[in-house]
Every structure is written in C-alpha cells, then in structure tokens.
Amino acid sequence: MAAHQEKKPSEERKHKSTQNDTQTSQVQWGRAWEVDWFSLASILFLLMFAPLIVYYFIMSCDQYQCSLIDPLIDLLTGNKQLSDIWNKTPTLTYRAASIYTLWVVFQMLLYLFIPDFCHKFLPGYVGGVQEGAVTPAGVVNKYEINGLQAWIITHVLWFANAYYFHWFSPTIIFDNWIPLLWCANVLGYAVSTFAMIKSYFFPTSAEDCKFTGNFFYDYMMGIEFNPRIGKWFDFKLFFNGRPGIVAWTLINLSYAAKQQELYGQVTNSMILVNVLQGIYVLDFFWNEAWYLKTIDICHDHFGWYLGWGDCVWLPYLYTLQGLYLVYHPVQLCTANAIGILMLGLIGYYIFRMTNHQKDLFRRTNGNCKIWGKKPEYIECSYMSVDGTKYYSKLMTSGFWGWARHFNYTGDLMGSLAYCLTCGFEHILPYFYIVYMTILLTHRCIRDEHRCFSKYGKDWKRYTAAVPYRLIPGIF
Ligand code: NDP
C-alpha cells in the first residue's frame with residue numbers, strides 16, 4: 001500500500017482541524033455531501049433520458065439501418081407516429097428472459113464459487129484475494145479477483161458451443177438484442193433500487209454511507225460505498241466487471257457471426273473491432289487487481305450510475321460499432337485498416353503504460369524505475385473521517401509528468417480507432433468517442449475536485465508541477 005498511516009492523539013487532531021480550513025475539508029474527502037444545481041440538473045436529465053438514448057440507438061439500427069436522423073425525419077414529417085415505432089419494437093420474450101437469467105446466474109456462480117486458479121500458473125498475473133484501497137472511513141476491503149478466469153471459462157464455452165456442441169446459434173445475442181435490452185433494464189433498476197433500500201436498512205459499512213438528503217442524487221450516485229451481501233459478493237466489483245464486460249467480447253463475437261450468416265464473410269472492420277475491443281477487455285481482466293485502485297472502486301458509491309450503467313449503458317452503447325457493421329459491412333482498404341490498427345494499438349499502449357506506471361509507483365511506494373530513472377514525486381497527506389493521518393505520493397515523472405490524466409488520452413485514441421473502423425457514412429458509431437470524451441473530461445474534473453478536497457495545498461503543488469490535464473500544452 002502506498003499510503004502509510006500515522007495515528008495522532010485526538011486532542012491534537014481536533015485542534016488542527018478547527019484551525020485550518022484545508023485540513024477540515026481534507027477530513028471530508030470522498031463523494032460530495034452537498035448537491036449543486038448543475039449536478040442535480042445533470043442527474044435528472046440522465047435519469048429521464050439515458051434509458052431513452054439507449055433505446056433510440058438500438059431502435060435506429062433495428063428499424064432504420066442505424067440512421068439517427070431518419071426516425072426524427074419520419075416523426076417530424078408525420079410519416080410515422082411514436083406509436084408506430086413503439087409497436088414495431090420487439091417486446092420482452094420468455095426466451096430472452098431465460099437467456100439473461102441464465103447468463104447472470106452463471107456469472108454469479110463463476111464469481112462466488114470458483115476461487116481464482118489463474119494466478120497459480122500465469123506469470124505476472126495478480127489474482128486471488130486482494131485488498132482494495134482505504135475508504136474514507138478507514139476500511140480496507142478484501143476482494144476475490146477471479147475475473148480473468150470467469151472470462152476464459154465463458155469464452156471457452158462459447159467457442160466450444162460454436163464449433164462443437166451447437167447448443168445455440170452464435171448469433172443468439174444479436175437475434176435477441178432488443179428483448180435482452182428489457183431484461184438488462186429490469187436488472188439495472190432492480191439492483192440500483194435494492195442498493196438504495198439496503199443503504200437505509202442494512203448497510204455493509206454504515207461509516208462509509210453518504211446521504212446528501214437529495215433523493216435523486218442519492219439514487220443516482222449511490223449512498224453505500226461498498227455494498228456487499230455476505231463476505232464476498234461485492235456489488236461494485238461484480239456489476240462493473242461481470243456480467244457487462246465479460247459480455248462485451250461475446251456481443252462482438254455474436255455480431256461477427258451475424259455478418260458471416262448474412263453476407264458469407266466477416267469484414268476486416270469487424271475483425272478490427274473484435275481485436276481492439278478484445279484487447280481492452282482482456283486488459284481489464286488481466287489487471288482486475290489494479291482496477292481495485294481506480295475511481296469506480298475507490299471513490300464512487302454504488303447507485304444507478306454504476307448499477308444501471310453497468311447492466312445497460314455499457315453492453316449496449318460500448319458495442320455500437322459491431323452492431324453498425326452488421327447493418328453496414330465496411331471492408332477497409334489495407335492502408336486504412338493498418339492506420340486504424342496502429343492508432344488503436346498506440347492508444348492502448350499509452351493507456352496501459354500510464355496506468356502501469358502509477359500502479360508500480362504506488363505499489364513500491366516510489367522505489368522503482370520509470371523510464372530507467374527513479375520517479376519524481378510530491379509528498380502529500382490526507383485524513384480519514386476518524387482523524388487518522390495518511391501519507392501518499394503524487395508522481396510527476398513518466399507519462400504522469402506529461403499530463404495529469406494521460407491514461408485517459410490513450411483511452412480516447414483507442415476509442416477513436418473503434419469508431420473509424422465504421423467509415424464515415426453514419427454518425428451512430430461515433431457516439432462512442434463523443435461519449436468517452438465527455439465522460440473522461442468530466443471524470444478528470446470530478447477526480448481533480450476530489451483530489452483537491454483530499455490533499456488540499458499538496459494537490460495545488462502537484463497541479464503547478466504538471467499543469468495540463470489531457471494533452472500537453474493544450475488542455
Ligand atoms: P486514474 O487511474 O487516473 O486514477 C485517478 C487517481 O489516481 C486519483 O484519484 C488519485 O488517487 C491518483 N493519482 C492521481 N494523480 C496521480 C499521480 N500523479 N501519481 C499517483 N497517483 C495519482 O483514474 P480512473 O480510475 O478514472 O481510470 C483508470 C483507467 O480506466 C483509465 O485509464 C481510464 O481511461 C479507464 N476508464 C475507462 C472507462 C470506460 O468506460 N472505458 C471509464 C473510466 C475509466 P489517490 O486518491 O489514490 O491519490
């Protein structure tokens with residue numbers, strides 16, 4: 001652990017925190033306690049419109065060949081009524097409900113009952129029981145890291161079915177895509193509502209609950225920090241990684257299978273999407289232990305944002321390129337395909353190396369080499385709610401010396417590569433890069449706000465040393 005702690009006599013702690021505003025705010029680091037009007041407006045907007053946005057995108061592919069404009073034109077010219085579109089939309093089916101239930105239960109079983117064995121034979125892979133970061137209340141949770149194993153077992157079964165058993169068609173996901181959307185929504189709302197009720201009546205760690213008093217904010221951003229059932233079923237780790245991210249690569253494979261069925265071949269653009277997004281997903285599971293130290297697990301509370309987002313937003317909108325390519329099979333010329341592959345791989349390299357540098361730096365408490373040299377850093381301190389003082393370090397060399405979130409820059413380059421595979425005929429596949437740019441810029445600002453509350457003047461010293469957020473010299 002990078003942070004080492006120093007207990008102080010309670011009188012001295014009290015004295016210090018009343019003397020100094022920065023220190024007072026440092027005691028309250030973590031998610032906001034008060035809701036400003038902009039956050040509230042954004043939250044209401046998302047609660048009302050995010051499910052409609054997902055529906056609109058998927059419906060446009062189903063009924064309008066992925067054109068986002070044509071449904072609007074039809075509605076505005078009176079050519080169609082909303083009810084015409086709605087009546088053409090596939091409903092929830094017994095088959096989809098069975099597939100979805102089986103899927104979620106299967107992922108739960110893999111998560112809960114098969115302890116990780118990958119770390120026993122894969123060199124460099126960190127799995128098994130791992131510790132998370134210190135929460136604002138000073139709690140350190142343990143997690144069973146077995147996502148890579150769940151991903152491998154699921155995919156081995158998928159390929160075994162596709163090439164040997166033939167229990168179901170590999171196009172099953174595409175063929176039931178809209179009925180499955182209703183199932184994903186049911187789970188997303190159910191888990192978010194359950195998490196809200198749980199936080200009032202039987203929270204896992206009451207000290208880490210945050211009630212703002214605003215129902216919508218609390219529902220959206222969550223109250224409980226790390227809700228769990230029993231010792232090991234952690235809502236954030238499970239819903240963030242599985243079933244959504246394990247499904248990501250399967251969804252893409254199903255799209256590729258559909259292309260094969262419809263056109264007798266799989267285009268190079270579809271292969272690129274499968275490969276580039278496959279690398280991203282595998283990277284996630286290979287580094288699941290590292291993921292315990294990212295914002296989702298370390299700082300976000302579990303509410304609709306994570307619960308519904310993981311069940312619906314992620315599997316449906318992160319896979320739009322593959323869906324688009326089923327309707328518009330783009331065959332890229334070799335030069336374009338290589339250019340996109342390079343952009344995706346360089347983006348991935350920056351994303352991974354930046355994350356790796358921070359992880360190595362934090363794990364070794366700065367006793368490591370970054371680009372062949374000892375890392376440079378700023379010493380900083382913060383306090384948990386019980387007044388315990390912790391020390392930490394912010395690195396100012398390597399990619400972290402170029403910009404404060406260069407990992408996001410790499411992620412954005414990769415995201416752009418996925419979109420470019422689809423050519424320029426429609427805007428639908430470009431939703432992902434627009435969304436990621438908004439998400440990561442907002443995340444960057446949110447994180448910096450939180451880091452400032454946590455580290456106070458030390459954070460200011462850091463931003464003076466590394467003045468840019470995403471692009472050196474520009475932003
Ligand atoms: P980071 O991994 O960048 O973590 C930010 C935290 O790192 C800060 O809160 C701070 O935590 C610590 N930190 C900040 N600066 C430094 C520094 N100079 N030296 C050491 N520690 C520092 O952010 P995320 O968790 O948001 O992202 C992780 C990855 O996940 C990124 O690559 C991102 O692109 C990706 N991502 C992808 C998403 C997707 O939907 N595809 C969504 C979100 C993220 P502390 O309090 O410990 O100091």
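**The ligand site**

Modeller: Happy to! An oxygen atom of the ligand sits 2.6 Å from an N or O atom in the side chain of arginine 450, a polar contact in the sense of N or O atoms within 3.5 Å. Before going on, this is a predicted model, where local features need pLDDT of at least 70 and side-chain atom pairs count only at pLDDT 80 or more, while totals for chains, interfaces and linings use all residues. Residues are numbered from 1 along each chain as its sequence is written, and side-chain values use heavy atoms, with hydrogens and water left out.

Aspartate 447 also has a side-chain N or O atom 2.6 Å from an oxygen atom of the ligand. On the backbone side, an N or O atom of methionine 395 lies 2.9 Å from a ligand nitrogen. Of the 920 Å² of accessible area that the ligand has on its own, the protein covers 92% (Shrake-Rupley method, 1.4 Å probe).

The shell holds 27 residues, counted when a heavy atom lies within 4 Å of the ligand; Tyr408, Asp411, Asp447, Arg450 and Tyr455 are the closest. By class, 14 are nonpolar, 5 polar and 8 charged (Asp, Glu, Lys and Arg count as charged; Gly is among the polar ones).

Finally, the ligand lies between domain 1 (85-331) and domain 2 (334-474), because both give residues to its shell; the bounds come from an automatic or database domain assignment.

Notes: A polar contact is a pair of N or O atoms within 3.5 Å; within protein, one must be able to donate a hydrogen and the other to accept it, and residues adjacent in sequence count only if both atoms are side-chain atoms.
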